[in-house]
Amino acid sequence: MSIDEGTAAKVAHLARIKVEPEELPALASEFNTILGFIEQLNEVDVEGIEPMTSVTPQRLKRREDTVTAGGHPDKVLSNAPDAREGFFAVPKVVE
Amino acid sequence: MTDLNTLTLAEARDRLRTGDVTSVELTEACLKAADGAQALNAFVHPTPDLAIEQAKAADARIKAGDAPDMCGLPIGIKDLFCTKGVASQAASRILEGFLPEYESTVSRQLLESGAVMLGKLNMDEFAMGSSNETSCYGNAVNPWRRGNDDTALTPGGSSGGSASAVSADLCLAATGTDTGGSIRQPAAFTGIVGIKPTYGRCSRWGIVAFASSLDQAGPMTKTVRDAAIMLRTMAGHDPMDSTSADLPVPDFEAMLTGDIKGKVIGIPKEYRMDGMPDEIEKLWADGTAMLRDAGAEIRDISLPHTKYALPTYYVIAPAEASSNLARYDGVRYGHRAKLSQGDGIVEMYEKTRAEGFGHEVKRRVMVGTYVLSAGFYDAYYNRARKVRALIKRDFDKVFAAGVDAILTPATPSAAFGLGEMQDADPVQMYLNDVFTVTVNLAGLPGIAVPTGLDAQGLPLGLQLIGRPWAEGDLLNSAYALEQAAGFVAKPAKWW
């Protein structure tokens, strides 16, 4: 599997990272190096093996369905680059 | 009289209790040492005023007879831990200016026990790196040098600042985190001890997430005893982390008898890599002999899927990172890019992330995005999770056959020069974690112990891997190894 510049551009967009067109060839080549390394996994016989979901065999604990935190809009917003009137502010999302 | 900053946690604790020293004196000695060590670039957000305040409170507690083990001991905290009101940036530009409103569980437990925080420590950006060269603060520097050669060496990564600070006696100990070797590799490169506990032993809550199924916090210390002391305070069940284990935390220090008679130590043949330097080979053989002489039974074992651990890791870790790092969107915290006329929210995301993330982080996020994307999920991500299950099964089998711990080298080489790997492809850098990454994939505890010097005078370490939840037993084996190796070398001060 070889990654071309078009695929690299698509992946960058999916990851929401702006990549300049002149950077794409180098990026595609790095992807190919890393994916080439990963391709080794195709040698392994994984027939009948379940993909690991949890490294320690434990059931997730349950808790009471009650509110345990909240009521601190000021703390939630304190690190926002732009917060107005108790909300996060972002550029226009819909036309 | 010994400089107070050179004490171990155990020595300082005992002297605090006898009233021989105060926490303020210990803290001032460390602050002075850190202040004089700018060349190491280990502390990136020093908190001297806070430290003195905490030290005074600790002294009052000790006087009142309420002194848990860590009370009054000055330590450094890796920048990956969120610390309330103190910059916590994960060494990334994208978290510039971020001041957490909360305290991570691990640092909270340390502070509540009376530990003194000297400041935040340098690291690779988002813990992605093996040399501390991806940090937005610049490189942390290893206090060790090759003889009289003044080439600046890496302290390893990602917990490079922690390793450098402990090794240079800028603090008595430090926290680290380990996703693929980030505690054990830097510990080995700087001649200190570092343990990654069993996955779930320490809460991940409030630690900036890299790869959630692999990340674990652990102590980086001058001795095995110190690791036992500090781990006990860091560990324990936390309802805020659903993967944290609800198991009692034993008194690890009380388990350090040094008696390993009859213990079975496995030597995995797959860790004997092609082209492994003779010095590493000899270090490993010497360590094996030390454990045998201490009464352990040495057994050759096989972990057949070892060679697939790194490629597995480089699917799973980037996949989880791409998901975890999606939260850095310029909305809730940290950096937001300046926008041009007409830019919408997608441009805001793309520009913010392009400006905020460094090269290695972008690369891993994009690789992760690719392996999770439609059409490739099964071929890469699911396959890697299956191989991960096989890697864990290898360990399960040897433990079921009676092996108590496994001895391996910690790293394939001694510390290398900063910049020396610049022209290598990313895979070359990833090979640093070849001996450590299996342990994260299998969720096991692993500890690096310094046991020798190479021909250039640089420290080398061995790794012991233990059964799940058997950190006490593992620390005891490490203690026996430490006693036998008698590693006492310190870097000559040049900074």
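Biologist: Why is B:Trp469 called partly exposed?

Modeller: In this predicted model, B:Trp469 has a relative accessible area of 26%. Buried requires under 20% and exposed requires over 50%. The value of 26% falls in between, so B:Trp469 is partly exposed.

Biologist: Which residues does a cis peptide bond join?

Modeller: The cis peptide bond joins B:Gly157 and B:Ser158, with omega about 5°. B:Ser158 belongs to the loop between β3 (116-121) and α5 (160-167) of chain B.

Biologist: What makes B:Val116 a buried residue?

Modeller: B:Val116 has a relative accessible area of 1%. Since buried means under 20%, B:Val116 is therefore buried. B:Val116 lies in strand β3 of chain B. Leaving out residues up to four places away in sequence, its contacts include B:Ser23, B:Thr27, B:Gln54, B:Leu73, B:Pro74 and B:Ile75. The C-alpha atoms of B:Val116 and B:Met348, 232 residues apart along the chain, are separated by 40 Å.

Biologist: Why is α8(B) described as roughly perpendicular to α15(B)?

Modeller: Helix α8 (residues 278-293) and helix α15 (residues 471-485), both of chain B, pack at an angle of about 105°, and their axes are 9 Å apart. Angles of 65 to 115 degrees count as roughly perpendicular, so α8(B) is roughly perpendicular to α15(B). By class, this contact has five nonpolar, two polar and no charged residues. On the side of α8(B), B:Gly287, B:Met290 and B:Leu291 take part; in α15(B) they meet B:Ser477, B:Leu481, B:Ala484 and B:Ala485.

Biologist: Which residues have the most contacts inside the largest nonpolar core?

Modeller: They are B:Phe126, B:Leu170, B:Phe395 and B:Leu475, in a core of 187 residues. The largest share of this core, 10 residues, comes from helix α12 (residues 377-400) of chain B. Apart from neighbours within four places in sequence, the contacts of B:Leu475 include B:Ile195, B:Val224, B:Leu231, B:Phe252 and B:Ile447.

Biologist: How many residues of each chain are in contact across the interface?

Modeller: 68 residues of chain B are in contact with 50 residues of chain A. About 5100 Å² is buried between the two chains, and carbon and sulfur atoms give 71% of that area. B:Met366, B:Tyr370 and B:Arg383 supply 13% of the area that chain B buries against chain A, more than any other three residues.

Biologist: What makes α1(A) roughly perpendicular to α11(B)?

Modeller: Helix α1 (residues 5-14) of chain A packs on helix α11 (residues 359-372) of chain B at about 100°, with the axes 9 Å apart. The range for roughly perpendicular is 65 to 115 degrees, so α1(A) is roughly perpendicular to α11(B). The contact has five nonpolar, two polar and no charged residues by class. A:Thr7, A:Val11, A:Ala12 and A:Leu14 in α1(A) meet B:Met366, B:Thr369 and B:Tyr370 in α11(B).

Biologist: Why is B:Val371 called buried?

Modeller: B:Val371 lies in helix α11 of chain B, and its relative accessible area is 0%. Buried means under 20%, so B:Val371 is buried. Residues up to four places away aside, B:Val371 touches A:Leu35 of chain A and, among others, B:Val315, B:Ala319, B:Phe376 and B:Tyr380 of chain B.

Terms used: Residues are numbered from 1 along each chain as its sequence is written. Chains are lettered from A and ligands numbered from 1 in the order in which they are written. This is a predicted model: local features need pLDDT of at least 70, side-chain atom pairs count only at pLDDT 80 or more; totals for chains, interfaces and linings use all residues. Side-chain values use heavy atoms; hydrogens and water are left out. A nonpolar core is a set of buried Ala, Val, Leu, Ile, Met, Phe, Trp, Tyr and Cys residues joined through side-chain atoms within 4.5 Å. Buried means under 20% relative accessible area, exposed over 50%, partly exposed in between (1.4 Å probe, protein chains only). Helices (H or I, at least four residues) and strands (E, at least two) are DSSP runs, numbered from the N terminus. Contact means heavy atoms within 4.5 Å. Axes are lines fitted to C-alpha atoms, for helices over the stretch in contact, and angles run from 0 to 180 degrees between N-to-C directions. Angles under 35 degrees count as roughly parallel, over 145 as roughly antiparallel, 65 to 115 as roughly perpendicular and the rest as oblique. Ala, Val, Leu, Ile, Met, Phe, Trp, Tyr, Cys and Pro count as nonpolar, Asp, Glu, Lys and Arg as charged, and the others, Gly among them, as polar. Buried area is the accessible area (1.4 Å probe) that two parts lose on being put together, summed over both.
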